[in-house]
Each structure stands twice: as structure tokens, then as C-alpha cells.
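Here is a walk through a single protein chain, taken piece by piece. Have the sequence and the 3D view open side by side as you read.

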Amino acid sequence: MGSSADSERLFNRQRTLHEILGGGLGFMGLIIHAFAGSTVADVILWRQKNLTLGILLVTLSAWVVFEKSGYTLLSLVSSVLLLLMSILFLWAKSAAILNRPAPPLPQLQLSEEMVNEMAASIRSRVNALLSVSQDISLGKDSRLFFKVAAYLLLIYFAGGLTDFLTLSYTSLVMVLTIPALYERCEDYVDKYIMTGYRKLLQLYVKFDEEYLNRFQNWVLEKKKLS
């Protein structure tokens, strides 16, 4: 991390990018943490390079398979599971006949604590979504309504340009690359963005003084004359 002042940080944040991304594990974070012992922030910021690279390669392979082979998700999953079960079944049977060791399978079991954490995470997310939906439906938060509407329009236009699978893969690549690149060049990015923001603010103040105030004064004069 650099040594620039907190005032030069985007949004005047006090925490590091790793702390912000690792603030909550979430549902997918619990899965990653359970099987790899890492947090979502470690994966996104390439603290676990092999795991992050593996995720990118697996998703790239899945995207190529779905796009080029014509497989659907259900048919691909069933085919892979059938192949895996057939291999393990034949391996176990041949090992029993030839007095060889059985397939080295790990203990496939979810602990009660892990299930409770996942259930609690899903419950909190669903309750938050329902609360937001209720506030929007009852007209309690107009700002939130326009914000959600803007996101939905953005998704609508993005969906018209590409399919869901390509959009998902592109989004995953962006999530696994942009934060890591930003963390490496954080001081420079924050510096130039804040400089640009101050210049835009100056332009807005100048525009407000020279044009908006004149227009308001002109409107007031017209009202007085009328």
C-alpha cells in the first residue's frame, strides 16, 4: 500500500481494498473458504494465485464448451457426473478384484456449522432483498427506486448485446482482474481520479456562476416585469 493521505483516497475511505472486499464472506465466500481455506478478497486480489488462475481457466473452459459444443448446463453436468461415477465405480471394482487400494476419496461431508452459516447468509441476503423490494413497492425511497431502475436498464441493454453466459464470464474476468490491477496502482489511480474530480468540480462551479446564475436572474427579472 502507498503512503498517500486518506483525503486522496476514493470516497475518503479509511480501510484497505482487501478489508473492504473481505468484510463479509457471503454464500460463495463460505464455499471458497470451506474448500480452499481462503477468503473472497484473497481470490479477487490474487493472494492465492493458483486458486484465482484455476477459477479463470475453469470458467474459460466452461465458456468454450458451452459456446462451441452446444451443451446446456444440465446436460454437461450430468455427463461429467456420469463419467466421474463410472470411472470411480470401475476403479473400485477392479481394485477389489486385484487387491489394490480403493480410490483415494476425501471425506465428503458438510459440517453443521458450515450449513448454518450458509443458511444464515442466504437468509440475510433474501431478507435484505425483500425489504428493499417492499420499500420500493410502497414508494418509501424514491432515490432507491431510480437507482434500481437504472441498474435494471443497464442489465437490459447489456443483455441485448450479449448472452447471459458470455456476460457472466466477462463479469467474472473483470472482478478477478480490475481490483487486483487497482490495488497495484492504487496511489496513482486515486491521485489522478481525485485530480480530475476537483477539475470537474471547478468547471461546474464556474458554469454555475457564469450561466446558471445569469439564467436564474433573467427568469426573476421576467417574472418581475410580468
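Leu 172 sits in helix H8, where helices are DSSP runs of H or I with at least four residues, strands are runs of E with at least two, and both are numbered from the N terminus. Leu 172 is partly exposed, at 27% relative accessible area. On that scale, buried means under 20%, exposed means over 50%, and partly exposed is in between, using a 1.4 Å probe and protein chains only. Leaving aside residues up to four places away in sequence, Leu 172 touches Ile 55 and Thr 59, a contact being heavy atoms within 4.5 Å. Thr 59 is 113 residues away from Leu 172 along the chain, yet their C-alpha atoms are 8.6 Å apart.

A word on what you're looking at: this is a predicted model, where local features need pLDDT of at least 70 and side-chain atom pairs count only at pLDDT 80 or more, while totals for chains, interfaces and linings use all residues. Residues are numbered from 1 along each chain as its sequence is written, and side-chain values use heavy atoms, with hydrogens and water left out.

Leu 172 and Thr 59 also turn up together in the lining of the largest pocket, along with Val 58, Ala 62, Trp 63, Phe 66, Leu 73, Phe 164, Leu 165, Ser 168 and Tyr 169. Pockets here are found on a 1 Å grid over the protein atoms alone: a pocket is an open set of points where a 1.4 Å probe fits, with protein on both sides within 12 Å along at least five of seven lines, and lining residues have an atom within 4 Å of a point. The largest pocket holds about 320 Å³, the volume being the space filled by probe spheres set on the points, which are joined across faces, edges and corners. Helix H4 (49-69) and helix H8 (164-184) each give at least two residues to this lining. What kinds of residue make up the lining of the largest pocket? There are 9 nonpolar, 2 polar and no charged ones, with Ala, Val, Leu, Ile, Met, Phe, Trp, Tyr, Cys and Pro taken as nonpolar, Asp, Glu, Lys and Arg as charged, and the others, Gly among them, as polar.

Stay on helix H4 for Thr 52. Is Thr 52 buried or exposed? Thr 52 is buried, with 0% relative accessibility. Beyond residues up to four places away in sequence, Thr 52 touches Asp 42, Val 43, Trp 46 and Leu 176.

Trp 46 is partly exposed at 25%, and its phi is near 60°, a positive value in a residue other than glycine. Most residues other than glycine have a negative phi. Asn 99 also has a positive phi, about 55°; look for Asn 99 in the loop between helix H5 (73-98) and helix H6 (112-137). Asn 99 is exposed, at 72% relative accessibility.

Asp 190 is buried at 1% relative accessible area, and its side chain makes a polar contact of 2.6 Å with the side chain of Tyr 182. A polar contact is a pair of N or O atoms within 3.5 Å; within protein, one must be able to donate a hydrogen and the other to accept it, and residues adjacent in sequence count only if both atoms are side-chain atoms.

Zooming out, the protein chain has 9 helices and 0 strands. Buried residues account for 15% of its 226 residues.
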